[in-house]
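Student: I have a structure to go through today, and I'd like to talk it over with someone. Could we take it step by step?

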Amino acid sequence: MTLEQALTYAQGELQQHDQVALQINDSGVYTAPSLAVDLPAGTTLEFRAAEAHRPTLILSGELTPTGAASSSFELNGIVISSAAVPATPSPIALLHVPADRPDGSPNELGQLLLTDCTLVPGWALTAQGDPQFGHAAALVAEPSGLQLNASRSIVGGIRCPELATVTLTDSILDATSPSHVAYAALDGAGAGGALTLQGCTVIGKVHATLLTLVSNSIVWAALAIPDSFKAPLWSDRVQAGCIRFSYLPPGAITPRQYECFEQGPQTPQPLFFSLRYGDASYAKLLASTDNAIRRGADDGGEMGVFHFLLAPLRESDLRIRLQEYLPVGLEAGIIYQN
């Protein structure tokens, strides 16, 4: 059975059940021209990988979820990439939530959930490991009112309308370059919907109507020359929302800030192993990063996507235990491995 047939069968099951899961039981590579999902009202379809597996979908087109009111589509544990030569016409994104359903009625999909997923930044990699389409958005969501939630995921650039709501937790939002657009409206310049970042690393510029909350995060962005953006991190509304315990690009236009660092000649900055998707320790901070950032989160952990690992706190605990139990005359040190 092909993926297209499996998705068609799963959608048929939603006529009798409110929730259906379609599971891939291996870590294979699956190719398809495109995949489409259309959900009845009030139903949920989860497209997931089996425990301890990591399948990869290589699409020459795009994955397009649609649905009636209060429907939800969940992706769990799946990598989505593009074929080397996109189909004709060229797809809009790897994951595209269109404005209309196949029958022409408005797309009323309520929620799009990503958990432990990867939408490859730049769609695909060259043989040298560089992004194939560095400026292309990986996720485009057109319906107003859509709620997008991603946790423990890697996502290329996102485009969404003003009335959408986007929440990223313990995730990487990667536009493949600090001067590329990581988050914006559908035109790539206007303000996207209200954005929440918790324990995230963002590579690229952000323009949102509202930064509801940015916490324990790193926004690594810079303006191009010339540039239509007023600032690398730009919120249209500055009287609402909160930025806390985060590292921001220079000149950021944001709501009120608390215990944040803004990039500048006299301020510490994050030191990354690599910012190229596919490299070892991608988006991870070097141990030599200034403690203002490496221990600058609200709980004493590091800012950015690896905050949830609490590595600096574990390191401190280990040093204390070593001193307690180390025999007299011996010394101990920590050797970092990636």
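**Strands, serines and a pocket**

Tutor: Let us begin with a pair of residues: Y30 stands opposite L57 in β5. Before going on, please keep in mind that this is a predicted model, in which local features need pLDDT of at least 70 and side-chain atom pairs count only at pLDDT 80 or more, while totals for chains, interfaces and linings use all residues. Residues are numbered from 1 along each chain as its sequence is written, and side-chain values use heavy atoms, with hydrogens and water left out.

Student: Ok, and in which sense do β2 and β5 pair?

Tutor: Strand β2 (residues 29–32) and strand β5 (residues 56–59) pair in the parallel sense, over 4 bridges. Strands here are DSSP runs of E with at least two residues, helices are runs of H or I with at least four, and both are numbered from the N terminus. Two strands pair if DSSP finds at least two bridges between them.

Student: New topic: where is S153, and is it buried or exposed?

Tutor: S153 sits in the loop between β13 (147–151) and β14 (154–155). At 3% relative accessibility S153 counts as buried, a word that means under 20% relative accessible area, whereas exposed means over 50% and partly exposed lies in between, using a 1.4 Å probe and protein chains only.

Student: Which backbone nitrogens lie by a polar atom of its side chain?

Tutor: The backbone nitrogen of D116 lies 3.3 Å from a polar atom of the S153 side chain, and the backbone nitrogen of C117 lies 3.1 Å from a polar atom of that side chain. Polar contacts of this kind are pairs of N or O atoms within 3.5 Å; within protein, one must be able to donate a hydrogen and the other to accept it, and residues adjacent in sequence count only if both atoms are side-chain atoms.

Student: What else does S153 touch?

Tutor: Not counting residues up to four places away in sequence, S153 touches L114, T115, D116, C117, D170, S171 and I172, where contact means heavy atoms within 4.5 Å.

Student: Where is S171, then, and is that one buried or exposed?

Tutor: S171 is in the loop between β16 (165–169) and β17 (172–174), and with a relative accessible area of 1% it is buried. A polar atom of the S171 side chain lies 2.8 Å from the backbone oxygen of T169. Residues touched by S171, leaving out those up to four places away in sequence, include S153, C200 and V305.

Student: Back to D116: what is its phi?

Tutor: Phi of D116 is near 55 degrees, a positive value in a residue other than glycine. D116 is found in the loop between β10 (109–115) and β11 (118–119), and at 26% relative accessibility D116 counts as partly exposed.

Student: And what about the phi of A52?

Tutor: Phi of A52 is near 70 degrees, which is again a positive value in a residue other than glycine. A52 lies in the loop between β4 (44–49) and β5, and it is exposed, with a relative accessible area of 75%.

Student: Why do you point those out?

Tutor: I point them out because most residues other than glycine have a negative phi, and most peptide bonds are trans.

Student: How many disulfides does the structure hold?

Tutor: The structure holds 0 disulfides, a disulfide being a pair of cysteine sulfur atoms within 2.5 Å. C160 is in no disulfide, and the nearest cysteine sulfur, that of C200, is 14 Å away. C260 is in no disulfide either, and there the nearest cysteine sulfur, that of C242, is 7.5 Å away.

Student: Last one: which residues lie nearest the centre of the largest pocket?

Tutor: The largest pocket is lined by 13 residues, of which K284, R294, A311, Y336 and Q337 lie nearest its centre. Helix α3 (residues 311–325) gives the largest share of that lining, 3 residues. A pocket is found on a 1 Å grid over the protein atoms alone, as an open set of points where a 1.4 Å probe fits, with protein on both sides within 12 Å along at least five of seven lines, and lining residues have an atom within 4 Å of a point.
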